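Here is my note on this chain, as a set of numbered points. Please keep the 3D view open and find each element as you read.

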Amino acid sequence: MYVDFHSHLLPRADHGCQTTRESMAMLQTELAHKIETVVVSPHFYLKQNSIEEFLARRKKARARLEEVITERGKPVPQIRTAAEVQLSTGVSELEGLDRLCIEGTRFILIELPYTFWGRAVFRSLDQVMEEHKLRPIIAHLERFPAENSRDLLRRYADSDLIIQINGYSLVQMFTRRRSLSILRCGMPIVLGSDCHGDRDNILDLAKAYRMAEEYLGKETLLAPIARVFGEEKNRTGQTQ
Ligand SMILES: [Fe+2]
């Protein structure tokens, strides 16, 4: 079972897909390429909205999509709501942060800032783990400056952190080398399309799964998927 761990496919939940038609086309492409579960993760920016406002918008978007899925009656992947949570100042202190986790789990997709990662950033990440008791998945680590990712991998080598890589970064020539070195860092890796409505991102994710399987072997590749969806079903109180 392959999973898209990072996507922007809920209609009008953020700047990703804008229509249910577009969302449906993307979901059907995912399924055609053996991606059976899709984590839909609209951006969460604390500066723009509260958790409540975000959840209300996401709930509306999902309801709109579910209606069309039922109407059309065509198979689509299993959908799990989540958020791509930008770890800006104050986020790690938010009450109810667990409501942004991947549905049914304690795993939370975290987008780190695109600046130097000093002590404050790592302190926030520690807070997410230690005070909220959540398990961060670091969104597209390969997109950040190399010195940042090196620091993070060194610091959290023995932690519960999971690293997410975008499929297209593994496939495209200019980003492949760096992405492969992260893929082989020894920490648990998951893949995502980060698709905002571009079908090519999903095709690249399918290719990336084949590549990652060659480099890591099927067992290592599938282990983090089982960890997220198999062992961590003890979450309660999430609003979709
Ligand atoms: Fe994203």
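1. Start with helix α1, residues 20–32. In this predicted model, α1 lies across β1 and β2. The helix runs at about 140° to β2.

2. Now look at the strands under discussion. β1, β2 and β4 form an open sheet of three strands, in the order β1-β2-β4, and the pairing is parallel. Which strands are at the edge? They are β1 (2–4) and β4 (78–81), and each of them pairs on one side only. From one strand to the next, the twist averages 25°.

3. Check one pairing by eye. Strand β2 covers residues 35–40 and pairs with β4 in the parallel sense, over four bridges. Find V40, then look across to β4: T81 stands opposite. As background, strands of a sheet pair through backbone hydrogen bonds, either parallel or antiparallel.

4. There is another open sheet, with six strands. Its order is β3-β5-β6-β7-β8-β9, and its pairing is parallel. β3 (43–44) and β9 (189–192) each have a single partner strand, so one side of each is left without a neighbour in the sheet.

5. Follow β3 to its partner. Strand β5 takes in residues 84–86, and β3 pairs with β5 in the parallel sense over two bridges. What is the bridge partner of H43 in β5? The partner is E84.

6. Step back to the whole chain. The count is eight helices and nine strands. The radius of gyration is 17 Å, close to the 18 Å that the globule rule gives for 240 residues, so the chain is as compact as a globular protein of that length. Along the principal axes, the C-alpha atoms fill a box of roughly 50 × 40 × 30 Å.

7. Next, the contacts. Take those in the chain with a separation of 6 or more: 78% of them are accounted for by residues 24 or more positions apart.

8. How much of the chain is buried? Of its 240 residues, 43% count as buried. In soluble globular proteins, nonpolar side chains tend to be buried together. Here the largest nonpolar core has 65 residues. Those that touch the most other members are I108, L109, I110, I137 and I163. Helix α7 (residues 199–216) gives this core its largest share, six residues.

9. I137 is then in contact with F5, F107, I108, L109, I110, I162, Q164 and V190.

10. Look at α7 again, this time with helix α8 (residues 218–229). The two helices pack at an angle of about 115°, and their axes are 6 Å apart. On the α7 side, A212, E213 and L216 make the contact; on the α8 side, K218, T220 and L221 do. By type, the residues of this contact divide into three nonpolar, one polar and two charged.

11. Last, E67. Where is this residue found? E67 is in helix α2, residues 51–72. Is E67 buried or exposed? E67 has 11, so E67 is exposed. Compare its position with that of L205: E67 and L205 are 138 residues apart in sequence, and their C-alpha atoms are 27 Å apart in space.

How values were computed
Residues numbered from 1 in each chain as written. Predicted model: local features only at pLDDT ≥ 70, side-chain atom pairs only at ≥ 80, totals over all residues. Rg over C-alpha atoms; globule rule 2.2 N^0.38 Å. Buried ≥ 20, exposed ≤ 12 C-beta atoms within 10 Å, placed from the backbone. Contact = placed C-beta atoms within 7 Å. Pairing = 2+ DSSP bridges. Axes fitted to C-alpha atoms, helices over the stretch in contact; angles between N-to-C directions. Core = buried A, V, L, I, M, F, W, Y, C linked by C-beta atoms within 7 Å. Nonpolar A, V, L, I, M, F, W, Y, C, P; charged D, E, K, R; others polar. Lists of a residue's contacts leave out its neighbours within four places in sequence.
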